[in-house]
Amino acid sequence: MPEAEIDSLAWIHVRDRRLLSVRTEGKTKFYLPGGKREPGEGDVGGLCREIREELGVELDPRSFRFFALLNEQADGYADGRRVRMTCYTADHRGDPVPGREIAESAWLSSADAHLCPPAGRRMLGMLADAGLVD
């Protein structure tokens, strides 16, 4: 029986018809920026903290808009574990620059879906279907 699902948060940021994605040190796939919340942390606080750590930008808490709830096969788990990812758009201050745990960032189109785990592929498909990314 699979372990409990992973509860995570993601920032959906599209610019010039491309989705911002990140690759963490030691990984080969590109993920949606964000991560797991700390105990007692809400969605807004948790995602603001994760994006500050990963990309050095400040999200505007007042601008958060729910975008989608994904439930996909978690990457890197042989036990069938799933990830439940609550995705938001939000305005930000600063230019995204990879932080210490991020090897690189990239702006992906739907043609780059093969570079992503299931949740990223699903998001790129949703954005393409909505006409927001190429």
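Leaving aside its neighbours within four places in sequence, with which residues is S63 in contact? The legends below take up this question first, for a model that is predicted.

**View 1. S63 and its contacts beyond the local sequence.** S63 is found in the loop between β5 (58-59) and β6 (65-73), and, once its neighbours within four places in sequence are set aside, S63 is in contact with T89, A90 and D91. A polar atom of the S63 side chain lies 2.7 Å from the backbone nitrogen of D91. S63 has a relative accessible area of 11% and is therefore buried, being under the 20% cut-off.

**View 2. The aromatic cluster of F64, F66 and Y88.** The structure holds 2 aromatic pairs. One of them, formed by F64 and Y88, is tilted, with 5.5 Å centre to centre and 50° between the planes; this pair links distant parts of the chain, since F64 sits in the loop between β5 and β6 and Y88 in strand β7, 24 residues apart. F64 is buried, with a relative accessible area of 10%, and Y88 is buried as well, at 12%.

**View 3. The pair of F66 and Y88.** F66 and Y88 form an edge-to-face pair, 6.1 Å centre to centre with 85° between the planes. Because F66 lies in strand β6 and Y88 in strand β7, the pair ties together parts that are 22 residues apart in sequence. F66 is exposed, with a relative accessible area of 53%.

**View 4. The largest pocket and its lining.** The largest pocket has a volume of about 580 Å³. Of the 25 residues that line the largest pocket, S8, Y31, G34, G35 and K36 are the closest to its centre, and by class the lining has 12 nonpolar, 7 polar and 6 charged residues.

Conventions:
Residues are numbered from 1 along each chain as its sequence is written. This is a predicted model: local features need pLDDT of at least 70, side-chain atom pairs count only at pLDDT 80 or more; totals for chains, interfaces and linings use all residues. Side-chain values use heavy atoms; hydrogens and water are left out. Helices (H or I, at least four residues) and strands (E, at least two) are DSSP runs, numbered from the N terminus. Buried means under 20% relative accessible area, exposed over 50%, partly exposed in between (1.4 Å probe, protein chains only). A polar contact is a pair of N or O atoms within 3.5 Å; within protein, one must be able to donate a hydrogen and the other to accept it, and residues adjacent in sequence count only if both atoms are side-chain atoms. Contact means heavy atoms within 4.5 Å. On a 1 Å grid over the protein atoms alone, a cavity is a set of points where a 1.4 Å probe fits but cannot get out, and a pocket is an open set with protein on both sides within 12 Å along at least five of seven lines; lining residues have an atom within 4 Å of a point. Grid points are joined across faces, edges and corners, and a volume is the space filled by probe spheres set on the points. Ala, Val, Leu, Ile, Met, Phe, Trp, Tyr, Cys and Pro count as nonpolar, Asp, Glu, Lys and Arg as charged, and the others, Gly among them, as polar. Rings of Phe, Tyr and Trp (its six-membered ring) pair if their centres lie within 6.5 Å; planes under 30 degrees apart count as stacked, over 60 as edge-to-face and the rest as tilted.
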